[in-house]
Amino acid sequence: MPPSEAGIRLDVYLSRRLTSQSRSHLKALILSGHVKVGGKCSKASRLLRAEEKIVLEIPAATPLDVPSQDLPIDILYEDKHLLVLNKAAEQVVHPGAGIREGTVVNALLHHCRDLSGIGGVLRPGIVHRLDKGTSGLMVVAKEDGAHRGLAQQFKDRQVEKTYLAFVWGRLRHMQGSIDIPLGRSVTDRKKISTRSGKRREAVTRYRVLRQWEQIALLELSPQTGRTHQIRVHLAELGHPVIGDQLYGRGLRRQQQLSEALRQRIMALPHQLLHAASIGFIHPITGKKMLFKAEMRSEMLELMSQLEEGKKP
């Protein structure tokens with residue numbers, strides 16, 4: 001190491017020298033003992049001295065134990081660096097918790113033959129995710145440079161996302177911001193809570209697009225990317241997403257609907273939440289990208305029925 005860079009942290013030094021590797025990946029290599037300073041394993045925070053010898057070993061990629069599957073996938077845009085898809089509500093994004101097949105990742109591995117090694121063993125190419133039951137737009141990286149660039153934009157909150165949701169109740173304000181920290185529930189690990197002991201900042205902006213008697217259509221812009229953020233924030237506001245089996249509390253409100261409308265809502269397979277638009281800077285070309293996707297059929301049908309009910 002040159003004397004001019006003495007005194008900086010090991011992980012910082014490596015990230016400056018190895019721009020092809022993310023800082024988080026380099027830190028993981030340090031923690032796993034693949035980086036040695038003076039012949040010994042070291043901490044990421046170690047302050048380096050002049051003329052120290054640093055040896056980095058990058059291990060071979062772990063074989064991907066996820067099958068590729070020829071599944072339907074709605075791709076709106078694709079180039080050699082990334083693609084944008086419109087995820088179906090019923091589809092899970094990546095394998096996990098006993099789910100090994102039928103996911104977006106399985107479909108991507110079939111569509112992109114060289115995707116395996118980008119972004120992790122079980123989540124190749126995945127930069128962000130949507131819950132099962134939530135439909136809409138996702139951007140997927142097809143090579144490492146795009147993955148690093150997109151991940152950094154998400155981290156820096158430069159990606160612009162809007163969602164559409166049908167929620168219960170009449171809102172007091174036509175627009176506003178929900179600023180409530182979120183964390184993993186201590187009583188149910190599947191749920192996110194506003195009362196967790198370890199909470200992180202979470203902010204969601206909303207705007208009322210349409211208001212009916214007991215139901216509203218909202219446009220939402222999450223300013224942070226916490227798990228289940230929109231669903232938990234809306235439930236905390238007293239206006240849970242219709243069809244949300246985990247956070248929804250709409251049974252009493254259903255009693256005030258017409259029989260036809262109540263039957264339609266009771267038959268919903270998923271929460272009525274849709275990722276309607278996504279905007280980002282192409283990580284390779286620098287071009288501004290913006291994509292939009294219309295609400296899925298059951299959301300459009302519900303809106304049509306609500307509008308029909310308003311006619312005299």
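Predicted model: local features only at pLDDT ≥ 70, side-chain atom pairs only at ≥ 80, totals over all residues.

Biologist: What makes S7 and S13 a pair?

Modeller: Two strands pair if DSSP finds at least two bridges between them. S7 (residues 160-168) and S13 are joined by six bridges and run antiparallel, so they pass that test. The strand names come from DSSP runs too (E, at least two residues; helices are H or I, at least four), numbered from the N terminus.

Biologist: Which way does S13 pair with S6, and over how many bridges?

Modeller: That pairing is parallel, over three bridges. Thr-134 stands opposite Leu-273 in S13. With S14 (residues 288-292), S13 pairs in the antiparallel sense over five bridges, and Ile-281 has Lys-288 as its partner in S14. S13 and S14 form a hairpin with six residues between the strands, where Gly-286 takes a positive phi near 80 degrees.

Biologist: Why is S13 called mostly covered?

Modeller: Buried means under 20% relative accessible area (exposed is over 50%, partly exposed lies in between; 1.4 Å probe, protein chains only). Eight of the nine residues of S13 (273-281) are buried. S12 (residues 215-222) has six of its eight residues buried, so it is largely enclosed by the rest of the structure.

Biologist: Why are S2 and S3 said to stand at the edges?

Modeller: They belong to an open sheet of three strands in the order S2-S1-S3, with antiparallel pairing. S2 (40-41) and S3 (54-56) have a single partner strand each, so one side of each is left without a neighbour in the sheet. S1 (residues 35-37) and S3 are joined by three bridges, and Val-35 stands opposite Leu-56 in S3.

Biologist: On to Asp-131: buried or exposed?

Modeller: Buried: its relative accessibility is 11%. Asp-131 sits in the loop between helix H3 (104-111) and S6 (134-141).

Biologist: How do you know that Asp-131 and Arg-231 are joined by a polar contact?

Modeller: A polar contact is a pair of N or O atoms within 3.5 Å; within protein, one must be able to donate a hydrogen and the other to accept it, and residues adjacent in sequence count only if both atoms are side-chain atoms. The side chains of Asp-131 and Arg-231 are joined at 3.0 Å. The side chain of Asp-131 makes another such contact with the side chain of Arg-129, at 3.4 Å. Plain contact just asks for heavy atoms within 4.5 Å; leaving aside neighbours within four places in sequence, Asp-131 touches Lys-87, His-228, Arg-231 and Gln-271 on that count.

Biologist: What makes H5 mostly covered?

Modeller: Seven of the nine residues of H5 (229-237) are buried, including Arg-231 and His-233. Among the elements covering those buried residues are S8 (175-179), S10 (192-193) and S13. After H5 comes Gly-238, with a positive phi near 95 degrees.

Biologist: What volume does the second largest pocket have?

Modeller: About 230 Å³. Of its 16 lining residues, the closest to its centre are Lys-191, Ile-192, Arg-195, Tyr-247 and Arg-249. H5 gives the most to that lining, with three residues. A pocket, on a 1 Å grid over the protein atoms alone, is an open set of points where a 1.4 Å probe fits, with protein on both sides within 12 Å along at least five of seven lines; lining residues have an atom within 4 Å of a point. Points are joined across faces, edges and corners, and the volume is the space filled by probe spheres set on them.

Conventions
Residues numbered from 1 in each chain as written. Heavy atoms only, no water.
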